Amino acid sequence: GEGSALRFKGMTSTILVALGVGALFGTFEVAVVAFMQEAGTPQLTGITLALWAASSMVGGLIYGSRHLDTPLPRQMAYTTVTLTIIVLPLALISSPALLIMAAALSGFAIAPTLICTFSLTQRLVPSKLLTEGLTWTNSGLAVGFALGASLSGIFVDRLGTAYAFGLGSLGATLAMVLALLAQTRWSAAIHSRRNDPASTIPVSLNQDP
């Protein structure tokens, strides 16, 4: 009887942030493969992507193990700003070694950004709509990934890998700008949900997505 999870304040911004992050993911994977191919070191592609994923795992373990007092919307701002700053120079990299180091470094900001994105969704919608809310957020990531992967392929073929990396940086920048603009909306929405008795009802294990 509460309608769609989309009608709750702040959800649209969360989904759009996820879309920007997803665009970075899709673009990065395509651009790395193309970059290493052009550099004549295709054997380093797997190492680069593996380090990107491994550093994300470490970043997630460190970030997820801490109980931070910083409000969640502000955490989202910090993680998206950090991610954007790290990936902005990717378009300027000309060495496989530098790309490997940049991938390992940027990975640390990925999991914390995803944790914030899905945690925000959990705070913005009531527990009975949590599965739908998480599905919308995950769909934002998937759409962004698909757009990033397809457009970066076109960019690689017609303009070069630097432009493909630039497209990924654009996705991260979009996520950062939206996260900064949504601070007040998210804070107000979380505060209103906190005052709603229905939001404090625990979710049983078999309902937990």
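## Gly20 and its surroundings

Gly20 touches Gly171, Ala172, Leu174 and Ala175, leaving out residues up to four places away in sequence, where contact denotes heavy atoms within 4.5 Å. The model is predicted: local features need pLDDT of at least 70, side-chain atom pairs count only at pLDDT 80 or more, and totals for chains, interfaces and linings use all residues. Residues are numbered from 1 along each chain as its sequence is written, and side-chain values use heavy atoms, with hydrogens and water left out.

Gly20 is placed in helix H1; helices (H or I, at least four residues) are DSSP runs, numbered from the N terminus. With a relative accessible area of 1%, Gly20 is buried. Buried means under 20% relative accessible area, exposed over 50%, and partly exposed in between (1.4 Å probe, protein chains only). Gly20 and Leu141 are 121 residues apart along the chain, and their C-alpha atoms are separated by 7.5 Å.

## Helix H1 against helix H4

Helix H1 (residues 11-39) packs with helix H4 (residues 96-107) at an angle of about 160°, their axes lying 11 Å apart. H1 is therefore roughly antiparallel to H4. Axes are lines fitted to C-alpha atoms, for helices over the stretch in contact, and angles run from 0 to 180 degrees between N-to-C directions. Angles under 35 degrees count as roughly parallel, over 145 as roughly antiparallel, 65 to 115 as roughly perpendicular and the rest as oblique. The crossing of H1 and H4 is left-handed; that term applies if the near helix is turned anticlockwise from the far one by less than a right angle, and right-handed applies if clockwise.

From H1, Phe28, Val32, Phe35, Met36 and Ala39 meet Pro96, Leu99, Ile100 and Ala103 of H4. By class, the contact of H1 with H4 has 9 nonpolar, no polar and no charged residues. Ala, Val, Leu, Ile, Met, Phe, Trp, Tyr, Cys and Pro count as nonpolar, Asp, Glu, Lys and Arg as charged, and the others, Gly among them, as polar. Ala39 in H1 is partly exposed, because its relative accessibility is 37%.

## Helix H2 against helix H4

Helix H2 (residues 45-64) and H4 pack at an angle of about 20°, with 7 Å between their axes. H2 is therefore roughly parallel to H4. The crossing of H2 past H4 is right-handed. Thr48, Leu51, Trp52, Ser55 and Ser56 of H2 make this contact with Leu99, Ile100, Ala103, Ala104, Ser106 and Gly107 of H4. The residues of the contact of H2 with H4 comprise 6 nonpolar, 5 polar and no charged.

## Helices H3 and H5

Helix H3 (residues 72-87) has 16 residues and spans 23 Å from its first C-alpha to its last, close to the 22 Å expected at 1.5 Å a residue. The expected span of a helix is 1.5 Å times one less than its number of residues. Helix H5 (residues 110-124), with 15 residues, reaches 21 Å between its first and last C-alpha, close to the expected 21 Å. Buried residues of H3 include Leu72, Pro73, Met76, Thr80 and Leu83, and those of H5 include Ile110, Pro112, Cys116, Thr117 and Leu120.

H3 and H5 pack at an angle of about 150°, with their axes 9 Å apart, and are therefore roughly antiparallel to each other. Their crossing is left-handed. Leu72, Pro73, Gln75, Met76, Thr79, Thr80 and Leu83 of H3 meet Ile110, Pro112, Thr113, Cys116, Thr117, Ser119, Leu120 and Arg123 of H5. By class, the contact of H3 with H5 has 8 nonpolar, 6 polar and 1 charged residues.

## Helix H6 and Thr137

H6 has 29 residues and reaches 42 Å from its first C-alpha to its last, close to the 42 Å expected at 1.5 Å a residue. Among its buried residues are Gly133, Thr137, Gly140, Leu141, Gly144 and Gly148. The cover over the buried residues of H6 includes H1, H5 and helix H7 (161-181). Just after H6, Gly160 takes a positive phi of about 120°.

Thr137 lies in H6 (residues 130-158) and is buried, with a relative accessible area of 0%. Neighbours within four places in sequence aside, Thr137 is in contact with Met11, Thr14, Ile15, Ala18, Thr117, Phe118 and Thr121.

Terms used
Helices (H or I, at least four residues) and strands (E, at least two) are DSSP runs, numbered from the N terminus.
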